[in-house]
Amino acid sequence: MTDTPNIPDALLPGIDHAALRAPARKTHAPRILILYGSLRPRSFSRLSGEEAGRILTRLGAEVRFFDPSGLPLVDDGVDATHPKVRELRKSVTWSEGMVWSSPERHGAMTGLMKTQVDWIPLSDGAVRPTQGKTLAVMQVSGGSQSFNAVNQMRILGRWMRMITIPNQSSIPKAFQEFDEAGRMRPSPLYDRIVDVMEELMKFTLLTRDTSAYLTDRYSERKETAEALMKRVTLSAAT
């Protein structure tokens, strides 16, 4: 017996354990998109993203980077037909998981990082490009260690309906952590990136086959059912 008279049985039938097990498993390499938040020639957010990409490739992922150079500001007299916006959105649609790597500037993620996220729509017709996809967040700092940027990106990831993994990377005094060739020196900070990418791969493999079911919401099923009822009622009346 339950005491939930306001919930229609058909819209909340219970947990489908078979759907969670997802017997039909995808076999292609997990597709991971990496975004970074600085255009400097020696961009530490890009360099740390490249290290993440190398680790992901070693773990079996297919990795793509989006170069934000030339991406316009949102509402700056351009729309989604702009070539860089189309490129970004196509890459997001392709991906099954993402890495966001941003510098912390004035206690926050950079405007360039936020612009990239702002150009990703919450919905595109019936498709939600980011819903159910995994996300790992990383930041680099010029000074002491901080977590302002990764915390902000976590909020964005939740808003974009992404599965943001628990672990994260924050690199203080990033200028000390990379050699002249742009490779990160061995350190506990590098080990943390390995941890984060390993976790991202595990979460991506665990959830990509069941993401549609994991993100299926009662409130949205109810709204769809009510919209259908209104349409049927209107059709019968005419």
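The legends below describe views of a predicted model.

**View 1. Overall fold of the predicted protein.** Eight helices and seven strands make up the secondary structure of the protein. Its C-alpha atoms fill a box of roughly 70 × 45 × 35 Å along the principal axes. Of the 238 residues, 44% are buried. Among contacts with a separation of 6 or more, 77% join residues 24 or more positions apart.

**View 2. Surface and charges of the protein.** The accessible surface is about 13,400 Å², and carbon and sulfur atoms contribute 55% of this area. There are 32 positive and 27 negative side chains, with the centres of the two sets 1 Å apart.

**View 3. The aromatic pair Phe44 and Phe178.** The count of aromatic pairs comes to one. The ring centres of Phe44 and Phe178 lie 5.6 Å apart with the planes at 35 degrees, so the pair is classed as tilted. Because Phe44 belongs to helix α2 (residues 44-58) and Phe178 to the loop between β7 (169-171) and α6 (188-207), the pair ties together parts 134 residues apart in sequence. Phe178 has a relative accessible area of 2% and is therefore buried.

**View 4. Arg64 over the ring of Trp94.** Arg64 lies over the face of Trp94, at 4.0 Å from the ring centre.

Conventions. Residues numbered from 1 in each chain as written. Predicted model: local features only at pLDDT ≥ 70, side-chain atom pairs only at ≥ 80, totals over all residues. Heavy atoms only, no water. Phe/Tyr/Trp six-rings, centres within 6.5 Å; stacked < 30°, edge-to-face > 60°. Helix = DSSP H or I, 4+ residues; strand = E, 2+ residues; numbered from the N terminus. Buried < 20%, exposed > 50% of the residue type's maximum accessible area, 1.4 Å probe, protein only. Lys NZ or Arg CZ within 6 Å of the ring centre and 35° of its normal. Contact = heavy atoms within 4.5 Å. Areas by Shrake-Rupley, 256 points an atom, 1.4 Å probe, with all protein chains shown as cover. Lys, Arg positive; Asp, Glu negative; His and termini not counted. Charge placed at Lys NZ, Arg CZ, Asp CG, Glu CD.
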